[in-house]
Amino acid sequence: MKSIDKARRRFLSRVLPGGSALLLAGCDRLDQSDWFRKLLTNGERASLTVHRALIPRRAMAQEFTEADLSPFFRSNGTSNPANALWQQMASAGFSNWALQVDGLVTYPRQYSLQQLRAMPARTQITRHDCVEGWSAIGKWTGVPLARLLEDVVPTAEARYAVFYCADPMEADPASLYYESIDMEDAWHAQTLLAYQLNGEPLPVKNGAPLRLRVERQLGYKHAKYLMKIELVSSLDGIRGGKGGYWEDGHGYQWYAGI
Ligand SMILES: Nc1nc2c(c(=O)[nH]1)N[C@H]1C(S)=C(S)[C@@H](COP(=O)(O)O)O[C@H]1N2
Ligand SMILES: [Mo]
């Protein structure tokens with residue numbers, strides 16, 4: 001299986017500049033043609049079909065202007081992870097940090113901060129609403145999660161993206177924050193892996209070096225201090241099985257639509 005994939009990628013990187021990452025980015029044009037469809041594996045075909053079916057019905061969250069920015073974007077929950085490894089990476093300017101992307105994907109891989117910064121970025125000014133009763137408008141810059149999905153190619157079984165964070169929530173070092181969203185939100189144009197807030201590198205208090213923005217949902221879904229994204233078919237086997245730290249232990253809703 002692996003070597004067929006390798007051969008296919010080699011072939012594609014010859015016929016299409018940039019290889020398979022660009023290949024899927026360019027699929028709007030290409031997937032119309034039969035010869036191209038036949039090159040894709042069943043899984044790739046299925047995830048593209050799902051992608052197509054979902055995108056048109058996704059409404060965008062409201063976006064604001066610079067004039068609307070909150071003078072201060074507060075921190076909530078963890079403001080400085082009690083995690084020795086993360087602290088060590090922070091003091092090295094996150095040069096040795098990497099985001100792991102694996103699970104139900106065709107090409108698991110890791111991204112350094114530098115690699116993420118070199119990818120096509122999106123900037124959006126949105127309002128963050130916390131269940132605890134405060135809101136703030138901030139300008140976020142990052143890589144759309146969809147760009148990474150095009151790279152790693154989710155298999156047909158992938159239904160959720162699970163986000164693993166560096167910060168323990170309790171004395172137990174295993175009580176690390178985590179969250180999850182479905183593939184519909186994962187592919188959404190405003191779903192970002194943000195590395196900047198208001199034009200500056202993401203502050204520690206807001207989730208450095210990388211945090212999720214999932215603009216149609218409440219604050220607790222926006223996982224900070226990201227370490228890993230895993231694509232799964234079910235949330236059952238993950239920690240308490242309810243898809244997030246607050247969902248598992250504190251009765252919060254998994255879908256926190258605004
Ligand atoms: N890893 C991690 N992510 C997290 C939290 C947290 O404590 N740890 N708190 C959540 C909550 S409840 C909110 S409202 C937002 C707060 O984001 P901010 O600190 O940038 O204001 O992050 C969310 N993501
Ligand atoms: Mo929150």
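**Note on the ligand 1 site and nearby backbone features**

1. Start with one contact. A backbone N or O atom of Asn 76 lies 2.9 Å from an oxygen atom of ligand 1. This is a polar contact (a pair of N or O atoms within 3.5 Å; within protein, one must be able to donate a hydrogen and the other to accept it, and residues adjacent in sequence count only if both atoms are side-chain atoms). Thr 78 also uses a polar backbone atom, 2.9 Å from an oxygen atom of ligand 1. Arg 211 uses its side chain instead: a polar atom there lies 3.0 Å from an oxygen atom of the ligand. Alone, ligand 1 exposes 540 Å², and the protein buries 99% of that (Shrake-Rupley method, 1.4 Å probe).

2. A word on the model. It is predicted: local features need pLDDT of at least 70, side-chain atom pairs count only at pLDDT 80 or more, and totals for chains, interfaces and linings use all residues. Residues are numbered from 1 along each chain as its sequence is written, chains are lettered from A and ligands numbered from 1 in the order in which they are written, and side-chain values use heavy atoms, with hydrogens and water left out.

3. Ligand 1 takes the space of the largest pocket. (More than half of its atoms lie within 2 Å of the pocket's grid points. A pocket is an open set of points on a 1 Å grid over the protein atoms alone, where a 1.4 Å probe fits, with protein on both sides within 12 Å along at least five of seven lines; lining residues have an atom within 4 Å of a point.) The lining counts 26 residues, with Asn 76, Gly 77, Tyr 177, Gly 219 and Tyr 220 nearest the centre. Strands E3 (122-130) and E5 (160-168) each give two or more of them (strands are DSSP runs of E, at least two residues; helices are runs of H or I, at least four; both numbered from the N terminus).

4. Look at helix H6 (residues 84-91) too. Asn 83 caps its N-terminal end, with a side-chain oxygen 2.9 Å from the backbone nitrogen of Leu 85. Gly 93 follows H6 and has a positive phi, near 65 degrees.

5. Finally, a cis peptide bond joins Ala 208 and Pro 209, with omega about 0 degrees. Pro 209 is in the loop between strands E8 (200-201) and E9 (211-213).
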